[in-house]
Amino acid sequence: MTEPHLLSTPDRRPDTVSRTRRVAGDRTEGQSYLEVKDLTVTFPTADGLVRAVQGLSYSLPLGRTLAVVGESGSGKSVSSMAIMGLHDPRSTRMTGSITVGGEEIVGMPPAELRKRRGANAAMIFQDPQSSLHPYFTVGDQIIEAYRAHHRVSKRVARDRAVDMLGRVGIPNPRRRLDDYPHQFSGGMRQRAMIAMALVNDPKLLIADEPTTALDVTVQAQILDLIMELQQDFGSAVLFITHDLGVVAEIADDVLVMYGGRGVEYGRAESILGQPLHPYTWGLLESIPAVSGEPARLHPIPGTPPSLLALPSGCSFHPRCEFAGRVPGCTVDLPELVSRTADTTRASRCHLTDPAGIFETDILPRLP
Amino acid sequence: MLIYILRRIASAVSVVIVTLVASFGLFFVAPTDPAGTICGQRCTPERYADISASLNLDEPVVQQVGDYLKGLAVGRTYHSGGAAIDCDAPCLGYSYTLGQPVTKLIGQALPITVSIVLGGAVVYLIIGILAGVVAARRRGTYLDRLMVGTSLGINAVPYFVVALLVSLYATFLPHSAYHPLLENPLTWAGGLLAAWLTLGLANAASYTRYSRASMIETLGEDYIRTARAKGISERRVVYRHGLRAAITPIATIFGVDLAIQLTGAIFTEAMFGLPGLGVLTLRAFNQYDLPVLMAGVLVGSVVLVVMNLLVDILYTILDPRVRLG
Ligand SMILES: Nc1ncnc2c1ncn2[C@@H]1O[C@H](COP(=O)(O)OP(=O)(O)OP(=O)(O)O)[C@@H](O)[C@H]1O
Ligand code: SF4
Ligand SMILES: [Mg+2]
């Protein structure tokens, strides 16, 4: 079911990885910092069981960036919140395994989770406007994050916060520390969020659509900042986005999610250059042409599946234009496995010659 | 900020003055015969004239307003039955029926009402907000349903039933009576406990639901998720980050409630034998004691205006986004 040979990709940046400090992962030689194995997250609701994430597996070593892409509701946020241990255990069922630095997160007692949250793994969110507390100063919030994991005086934490604000490119950090979030611009707020997330030097940074709410120019700055800080900190970055343009810029690896499952996984170059899953093709076709008019925009027909009752077989079959070409689409759920000579990539589709179909049918349609 | 507050105070003062003049017009120009009502059945012409003069009813309205304002500012002298009665500033008039300056009457009644209302507020704010937070955190559980149900139940019974139950069952409380705070804070509190408990319980029910709703909304905010993601304790998430934001809308409701209770604590006062403002104005109403009624209106409008001002100022303190220029 899972494909460890695929997912434990060798590091492309040994230089940054070798700089890892007091890495808990040292104990788990050969394992990636983040390992997700057969993760299932379901929410029992009045309408039935919402299967938000099913059979999800991937791994992410230090120094690399994994982009998770997929339509709204595909389980990107739910799976990343699971890594942070942010789901309410009273209303969430989780099975499978998530290890961060070798430690199992699924089933960990809440108090233990809390100690690790923000220290080993930190998260930044989509909308910096609503993600920062409007009633506390930016400095206060960063200081609180630092002191949650370090027994230091307020003074020391304050200096650390000033330092972090400076590092994320906020001018005049000592003065801006006492500003409230509403006194910051959107881009600066996201910088402050990043400062807050990185204040404890986490080895895993999860960024859940961190640029979606920002202007295009500011988006680019924030992306640059995240990449730059990743170099400095040598951390692993899990980057959630809708935007394949962003993926091209930032990602080493890509995981495409559909209906709570991974449907395609591989190096960013392969996934963007020659995707093998019809859903990924649909995503590529639905990007607005960056330079020209948005004339060639083809949204994927149909709507995302209901997580209460996923379609039989391949969940994508009701929307897939190739569903008729191969038998089994409507009855057999394909596995996410390597289907080519390239063992670094995997896809969850029954098609026998996806590469050929991509060349003949899809490529000519792309902008 | 300071300019804002000064401007608000100026507008508050003008609201009070307008209320004053308007109620003056309504009361004294009304097609009634206040002197006759006060004078009663066996009224001699002398006594009638006397009362009219003491109420200044023989003067034009404008002059009456002027005299009233002057009395407020520097005091005035009333003539009754040939005797001169000095009424020191701030003079709110002279109650013919009680034979006392109104300022003194208000001065006796106001501390009682304020004591009842503020003490009750402490009770319902603490109980209501804590219960609301607990219910919000346990949303959907039996505990939550029990708390919401109890709160709805308490609100469904008439207020006097709550008072009755407190009197019947809380017999361990000291006898209800007003003792000035400065004489002995313990007897002051003891004499008010039953009233506080009644006011507190009845209102705690509503405040439980206000704070539950506000807390549920706040706990769903993105910044609460951010706070959890930091790894701080859940208690800190709920009370520092959650309650801090959830309390702001409650402050607005509280300001309005407090104003209403200060001017309308009559039930509580009457049932527990505490001669506060409500009791004083009710008596004035029944006996047609115009100066006391006027003073009641005046105090009421001042209370409303001051509470509004306080809520607005509180808002600027609570919510840093509301910075006023
Ligand atoms: N606590 C919950 N209870 C029930 N359903 C939930 C809960 N949290 C999330 N879901 C559902 O799980 C599904 C996946 O949500 P998720 O937030 O992971 O999507 P996403 O891929 O991040 O989408 P987006 O791009 O819109 O952020 C959604 O259909 C959502 O309604
Ligand atoms: S398995 Fe069938 S339905 Fe699913 S993506 Fe492949 S071709 Fe389409
Ligand atoms: Mg999301």
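Predicted model: local features only at pLDDT ≥ 70, side-chain atom pairs only at ≥ 80, totals over all residues.
Residues are numbered from 1 along each chain as its sequence is written, and chains are lettered from A in the order written. Local features need pLDDT of at least 70, side-chain atom pairs count only at pLDDT 80 or more, totals for chains, interfaces and linings use all residues, and side-chain values use heavy atoms, without hydrogens and water.

Trainee: How are α7(A) and α9(A) oriented to each other?

Mentor: Helix α7 spans residues 154-167 of chain A and helix α9 residues 186-198 (DSSP runs of H or I, at least four residues). Their axes, lines fitted to C-alpha atoms over the stretch in contact, are 9 Å apart at an angle of about 130° on a scale from 0 to 180 degrees. Angles under 35 degrees count as roughly parallel, over 145 as roughly antiparallel, 65 to 115 as roughly perpendicular and the rest as oblique. The two helices are therefore oblique.

Trainee: Which residues of α9(A) meet α7(A)?

Mentor: Contact means heavy atoms within 4.5 Å. From α7(A) come A:R160, A:M164 and A:L165, and their partners in α9(A) are A:A192, A:A195 and A:L198.

Trainee: How many salt bridges are there between chain A and chain B?

Mentor: A salt bridge is a side-chain nitrogen of Lys or Arg within 4 Å of a carboxyl oxygen of Asp or Glu. B:R240 forms one with A:D140, with the closest N and O atoms 2.9 Å apart. Between chain A and chain B, the count is four.
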